Amino acid sequence: MIERKERKPYWRDTKWQMMASLVPFLAVVIVLPLYAERLNSNRFLGFPLGYFLAAHGLVLIAVITVASFVNRQDAIDHWHGAHEDT
Amino acid sequence: MTPMPVRRLVNPRLGPYFAIFASACVAIIVLSLIAEQLGATPAHVRLLILTAPLALIVAIGLATRTGQASEFFAAGRRVPAVYGGLTFAISAFGGTGLLAITGAFFLIGFDALCLAIGGLAGFVVMGVLLAPFLRKFGAYTIPSYLGARFESPALRVVSAGLICVPVAMFLVAELKMAAFAGGFLTGASTYTNLVLAGVAVTTTILAGGYRAVAWSGVAKAILVIVALLIPVTIIGIWLTNLPLPQLSQGPLLRSFSRIEAAQLPIVIAPGLAFDMPGDALTALGKRYAAPFGAIGPHGFVTVMLTMMMGIAVAPWLLPRIASAPGVYQARKSLGWATLVFGLVMLTMASAAIFMRAILVTDIATGQIPEWIRTLASLGLAEIVTGTGGAEAGRVNLSGILLSRDAVLIALPMAGGLTPVFAALVATGAVAACLCGAASAAMAFAATLSEDLWHGARKEPPSDKVRITASRAALVAALAGSVVVAMAVEADPLALLLWSLALTGSTLFPVLVLSIWWKRINGYGAMAGIVTGFSVALLAIISGALNILKIDPALAGMFGIPASLVATLATSLMTPTPSRHILEFVRDIRVPGGEILYDREMRLLRLKTRKRSAG
């Protein structure tokens, strides 16, 4: 169980981790499709680049975002002793 | 009293069990192929491929029969991350997503990505902002979380009443889609198919509740993935000689876009346009990879964010996070959901590209291909000659009208596979519909029984009463939805979009703030939920009646900011939350320690026992 004085630093780290995961991800998700038309003149694996990045690229980015979030947040939990006792 | 065991036992044989199920599915496909070659009638083969996997799924549902509330409402809190993620990914959009979004990819290409990306981002947002904390709280429904978080039974009852609306819309959409896909297989009328779908969902989950939803959901998800991957991969190998359809269609896309460029105009949609294909027969309107021809850039971003917020708080997904074995596993299951959803979405997009490639090359020869004639005889396609600059008697791309929802099922026919594969894809679609419908029906039933029926009571009734009430609510909810689906003519995809816009507006700001902002109080939450719901509902109604010149799917654009502003303003104008509530929020934020909902139940039970003893 977490100690009382650890709660503030724990929540600060958690908040920063949330920002670090969501802000870049949301920025890419919103901005990338808007520029797809200009990127489409390039090719990658035969795909128009804009379409490829908006479909395959965003899936990859989403999976990496969640995976890194899960690992980082688990490390934060353990560092502050906030993890579940198994 | 012995302390609760902290480590919950996860069944170590889950892997083998579901591997057996997956190989049974493959065996059924092989058997149907053999039966077809031996000369069985197509109708019998279709029935075999539909009923055999569904019988296994219903058997799984019946085997999870339980009489304990924590099993019935939270699957015993022992659904590991991979399995949780699988069902999350498939039931987020259900069969409506599978059929209608593939069709949308086929008809409007790039623009349909707004739905797929929205769902994907929704899982990321749910995993980071909400899931771990709701798992730590561990409530069985969203209203009961809100009621406990703000210590307000009124909020619990009101929010329960409001979220029933989007859940019912989603349930009706899934049942309608199940009847459509089932129509290919059974050949019966729409009414019969709707009743059959309702009965299938009821028998699967009546005995086991969320436990049945979890485990039969895994089986359904496996069936969906098998039914989607096998035909698409085979056609991919035929067309591109490479086995990974998601990555190999690049050159194909390039070669058919040259023909498209000759026959289809470049269209540029105005900013807020949202021209999602409906359930009428539609012609190809734009080139596949060119963005913003049917949906304008602002509409694209708005719908994407609406989908994201809607999926992140979807009442048919979020309560199921309570069945994860721990907070860490809850985060991880959203990771798996993102991965599976992304792969399914890319496979759907490649199915659409293959379909376009086949259609474009077939039309370029100047003949009307056989498979389009077959579809036209089923009423799912129409051929208009002499349009779009074609000579009289000839047909070009804009003269082929196709049904959006039939695209995925038509792909094996167009690719020249035997009818077994079309039946397989339709079975997968039925399974996806049942997966979505089962989780929506169970969420509906739990909300009705737990929050509306017993919601105002301080102490929960006994397990037996809770489960019986919830079973009765389940039957009533499904029967009601089947009747509504019979009576109301509506496009399932539109229903899905409206339901997500409503959910996002009603719940997203309040749920996120209830964890990340300590100053929020009960009045703010109530104001946010009621404002978001009413603004979004008004926007949907006026959009649908064409009073507002904006598509109803964009209703989240008004509802979500309205809800956010109402929550912030009302909270700041009313007193700060009590010390007790703040302590409670601090507890939710930390993963370690006892599940708060279970602790509350135990304390209430102790109190009741003491009172009856004294």
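Guide: Let's start at a spot in chain B: N546(B) sits in the loop that links α19 (522–544) and α20 (556–573).

Visitor: OK, is N546(B) buried or exposed?

Guide: N546(B) is exposed, because there are 9 other C-beta atoms within 10 Å, and 12 or fewer counts as exposed. N546(B) also has a positive phi, near 65 degrees, and this residue is not a glycine.

Visitor: Before I go on, what kind of model is this, and what are the ipTM and pTM scores?

Guide: This is a predicted model. Its scores are ipTM 0.95 and pTM 0.94. For chain B the average pLDDT is 90, with 97% of the residues at 70 or above.

Visitor: And where in chain B does pLDDT stay under 50?

Guide: Over residues 1–6 of chain B. The model has three contacts beyond four places in sequence for that stretch.

Visitor: Back to phi. What about F292(B), what's its value?

Guide: F292(B) has a phi of about 60 degrees, positive although the residue is not a glycine. F292(B) lies in the loop between β1 and α12 (297–313) of chain B.

Visitor: Buried or exposed, that F292(B)?

Guide: Buried, since F292(B) has 24 C-beta neighbours inside 10 Å and the cut-off for buried is 20 or more.

Visitor: You mentioned β1. In what order do the strands of that sheet in chain B come?

Guide: The order is β1-β3-β2, three strands in an open sheet with antiparallel pairing. At the edges are β1 (282–283) and β2 (381–383) of chain B, each of which pairs on one side only.

Visitor: How many bridges join β1(B) to β3?

Guide: Two, and β3 there covers residues 400–402 of chain B, running antiparallel to β1(B). Within that pairing, T282(B) is opposite L402(B) of β3(B).

Visitor: Switching to chain A. How many helices and strands does chain A have?

Guide: Chain A has three helices and two strands, and along the sequence they come as α-α-β-β-α.

Visitor: What's the radius of gyration of chain A?

Guide: It is 18 Å for chain A, whereas a compact globule of 86 residues would be near 12 Å.

Visitor: How many residues of chain A are in contact with chain B?

Guide: 42 residues of chain A, and they are in contact with 40 residues of chain B. On the chain A side, α1 (7–34), α2 (36–39), β2 (47–48) and α3 (49–79) each supply at least two residues. The largest share is from α3(A), with 17 residues.

Visitor: What classes of residue are on that side of chain A?

Guide: The side of chain A that touches chain B has 27 nonpolar, nine polar and six charged residues.

Visitor: Now the inside. Which residues touch the most other members of the largest nonpolar core?

Guide: A429(B), L434(B), A437(B) and A441(B), in a core of 258 residues. Helix α16 (residues 419–453) of chain B gives this core its largest share, 24 residues.

Visitor: What's L434(B) in contact with, away from its sequence neighbours?

Guide: Setting aside neighbours within four places in sequence, L434(B) contacts A178(B), A197(B), A200(B), V201(B) and K220(B).

Visitor: Where does L98(B) sit?

Guide: L98(B) is in helix α4 (residues 81–108) of chain B. L98(B) counts as buried because it has 32 C-beta neighbours inside 10 Å. Beyond four places in sequence, the contacts of L98(B) include M348(B), L408(B) and A429(B).

Conventions: Residues numbered from 1 in each chain as written. Chains lettered and ligands numbered in written order. Predicted model: local features only at pLDDT ≥ 70, side-chain atom pairs only at ≥ 80, totals over all residues. Contact = placed C-beta atoms within 7 Å. Helix = DSSP H or I, 4+ residues; strand = E, 2+ residues; numbered from the N terminus. Nonpolar A, V, L, I, M, F, W, Y, C, P; charged D, E, K, R; others polar. pLDDT = per-residue confidence, 0-100. Pairing = 2+ DSSP bridges. Rg over C-alpha atoms; globule rule 2.2 N^0.38 Å. Core = buried A, V, L, I, M, F, W, Y, C linked by C-beta atoms within 7 Å.
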